Structures are given as structure tokens and as C-alpha cells.
Amino acid sequence: MKYLISGGGTGGHIFPALSIANAVKAADPEADILFVGAIDRMEMEKVPQAGYKIIGLPVAGFNRKNVLKNFKVLLKLYNSIRLAKKILKEFNPDIAVGVGGYASGPILKAAQKKGIPTMLQEQNSYAGVTNKLLAQKANAIFVAYDGMERFFPAEKIIKTGNPIRKNIKDSEKIDKRKAKEELGFDPDKLLIVAVGGSLGARTINESILASIPVFMKNDINLLWQTGKQYAKTYLPEAEKQSKSGIKAVPFIDRMDLVYAAADLIISRAGAATISEIQYLGVPSILIPSPNVAEDHQRKNAEALVKEGAAQMLLDKDAEEKLPGMIRLLIKDPEKLIKLGENARKMGLGNADNLIAAKVIETAKQNRKESNEG
């Protein structure tokens, strides 16, 4: 059986795609899986590292601010469509799965024209442009939130939640005290973790800097991921307070340990992060990035706030209001516990297997019909 999986651009698309591929491989060990991504994007590195083949398309996103720059984008799209047809002819998949991102557009559109079944996985509460364009001819659309019939045909929607990386799932087996010790913190003290993605988020960094007096006064530990591009600015600030249980690093490799150790997480509101927070029941303060399409991170965060499963600060208010919000939460342990419990109630932890089962079933049906035809 041949499975094509396409999409990427960010970890929020790539990690779910890899989780689906792993689940397909576990259920169908003979599966031949091919990824299609965008040249120069992170999937071209992450997918081979996970042991899968990938072909890159020269596709790029449209420049909404400068329309004149889109001539090159259109040329790349034209070349991507040509290459997509060639890939389909040579690989001849039984099914094509799109997880969002530029690359999934040309290849899934070509698959639909060729009569190959297609399935989509939408991570966010506000659907991406590519998935919306592909939805009408898709066989099924896997979602993580209620109310997605605003974007997709209701009869095609299957609510599965978002696939979660295995090592993150396994973090719930790690003892909290041991996780704190392994990260270099006192296991008897409250630990707050601030993360802004691999590159970092300036607003989160500035807000944490403004909150340091709260950590100092209340004897709370802080693990602060500055992001690589902000490390030179903020690592020295943390170093000044290192004896007070404040530790900053450019990047955190062991997010499984972090989730196990954290009493409160402060982060952006990307789909992957939110799914992990829900699955593990971690209390959080979400600061949605304003620099994303359709302001979808804010909508992701609002879905949790509505259920009492997280607290949210807008990017423009974070630096001023984060210290006060932290102060109130650490003085209300019951509120922290309730945030975590409500987040866990929203978690759907078996998405990869549910999606894989449906993908395999549809692929087999397509193969059978093709053979009979």
C-alpha cells in the first residue's frame, strides 16, 4: 500500500504528519510512505531524520503585503503543480493526506483531479487557507475543535484531536519531582516554564523579564527558553539571578521532562502546544502570536479559556499584565489545579491511531476498486 503525506512549514504541521505516518506504519508494517514538502522548509530536515523519504516542491506562500512580489510565487506554484503531477505518476499512491502548509496544496489538488482519495488534518480552531481550498473534494477532514463546519462540509468532519508526539505522551509517566531534579531545580519549589518556540518570542521574553521580581519575591523557580535568536539578549539577564532558581536556555530538547516538571507553562498558542497541554493537563497562560494567518492562535487560546482550561493574555498586554497574573495564580493553588483538570478534559490522545485507521481503510478500498475496475 502506498501512502502520500504532504504539508509542513512549521512544527505544528510536521509533527502531526510524522505521528500519522508512524501510526500508519505500526498498523501496516509494509506501508510505502512518501512525504511531499516545501523546499527550504524544516520538513526537509525533520522528515528524513524520522526515517521517511521526502520530495520538496518549490512552492511558497503569497505575499499579502506586497502584491508585486507574487510573480515569483506564481512561477513557483506553476512549477510545483508540474512536479506534483510527475510525483503522482511515478509514486501512484493509494491515498494522499494533507496536514496543511503550502506544499499540500499542489500535490493534493493534483491527486483529487486524478481521482485519488484525499484526507485532510486541520490542527487549528480556525482552518488554514490550503485546507479550506481542498475541503470540497476531500474524502474526510480530521479536526481537533468543535464548530469546524464553519469552514468544512459537516458530513466530512471527523473530530479526532491532534496527533501528539510519542515522547510527549510518555512524559505523563515521569515523576514530577524527578523531572524537576533532572532539569536542575529544587523539587520542593513551584516551577514555571516559559517557552516561545524554537526561535523564541520577543513579547514572551520581555514579559518574563518584567516578571522576574515576582519569581524572586515568591521564591519560585523559572525555566526560561529564550529562543536562539534572543539568547544573547536575555541569557545574561537570567544569569544575574541564577542563584535564585532562574535558569535560561536558548532551546529545550527535552520537552517531555519540561511537561512532567512544570506547575505552570507560559507559551504561544500554536496547535501542537495546545494539544500537548490538553493531553497532559498542564496549567497554562497563553500569549497568542499576533503574526499568524487569520489570528488563529488567539482563536485556539479562546477555545481553552471558554472551558476554564487556560488563561490568556493578548500580545499587546502581556508585558504589563503577566507579572500580576502570575502573582494571582501562584497564590491560588486550587485555580492552578482546576486549569489543568479542565485542560485534560479537552484532550484527545488517540488521534494518530484514529486517523491512521481511517486512512488505511480508505486506501484499501481504493486499491480494491482500482483492481476491480
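Predicted model: local features only at pLDDT ≥ 70, side-chain atom pairs only at ≥ 80, totals over all residues.
Visitor: Which strands form the open sheet, and in what order?
Guide: The sheet has 6 strands, arranged as β10-β9-β8-β11-β12-β13, and their pairing is parallel.

Visitor: Which strands stand at the edges?
Guide: Those are β10 (246-249) and β13 (311-312). Each has a single partner strand, so one side of each is left without a neighbour in the sheet.

Visitor: How many bridges pair β12 with β13?
Guide: Strand β12, residues 284-286, pairs with β13 over 2 bridges, in the parallel sense. Within this pairing, Gln311 of β13 is the bridge partner of Ile285.

Visitor: What does α13 lie across?
Guide: Helix α13 lies across β8 (191-194), β11 (264-267), β12 and β13. Relative to β12, the helix runs at about 160°.

Visitor: Where is Met325 found?
Guide: Met325 belongs to helix α13, which spans residues 315-330.

Visitor: Is Met325 buried or exposed?
Guide: Met325 has a relative accessible area of 17%, and it counts as buried because the cut-off for that class is under 20%.

Visitor: Which residues does Met325 touch?
Guide: Leaving aside residues up to four places away in sequence, Met325 touches Ile285, Gln311, Met312 and Leu313. Two of these have come up already: Ile285 and Gln311 are the bridge partners.

Visitor: How far is Met325 from Asp253?
Guide: The two are 72 residues apart in sequence, and 28 Å apart in space from C-alpha to C-alpha.

Visitor: Changing topic, where does Ser125 lie?
Guide: Ser125 lies in the loop between β5 (118-121) and α5 (129-134).

Visitor: Why is Ser125 classed as buried?
Guide: Its relative accessible area is 6%, and Ser125 is classed as buried because that value is under 20%.

Visitor: And what does Ser125 touch?
Guide: Residues up to four places away in sequence are not counted here. Beyond them, Ser125 touches Tyr145, Met148, Arg150, Phe151, His296, Lys299 and Asn300.

Visitor: How many cavities are there?
Guide: The count comes to 3 cavities of 30 Å³ or more. The largest cavity has a volume of about 50 Å³.

Visitor: Which residues line the largest cavity?
Guide: The lining consists of Ala144, Gly161, Asn162, Ile164, Ser275, Gln278, Met346, Gly347 and Leu348.

Visitor: How many of those are nonpolar, polar or charged?
Guide: By class, 4 residues of the lining are nonpolar and 5 are polar, with no charged residues.

Definitions and conventions
Residues numbered from 1 in each chain as written. Heavy atoms only, no water. 1 Å grid on protein atoms, 1.4 Å probe; cavity = no way out; pocket = protein on both sides within 12 Å on 5 of 7 lines; lining within 4 Å. Points joined across faces, edges and corners; volume = space filled by probe spheres on them. Nonpolar A, V, L, I, M, F, W, Y, C, P; charged D, E, K, R; others polar. Helix = DSSP H or I, 4+ residues; strand = E, 2+ residues; numbered from the N terminus. Buried < 20%, exposed > 50% of the residue type's maximum accessible area, 1.4 Å probe, protein only. Contact = heavy atoms within 4.5 Å. Pairing = 2+ DSSP bridges. Axes fitted to C-alpha atoms, helices over the stretch in contact; angles between N-to-C directions.
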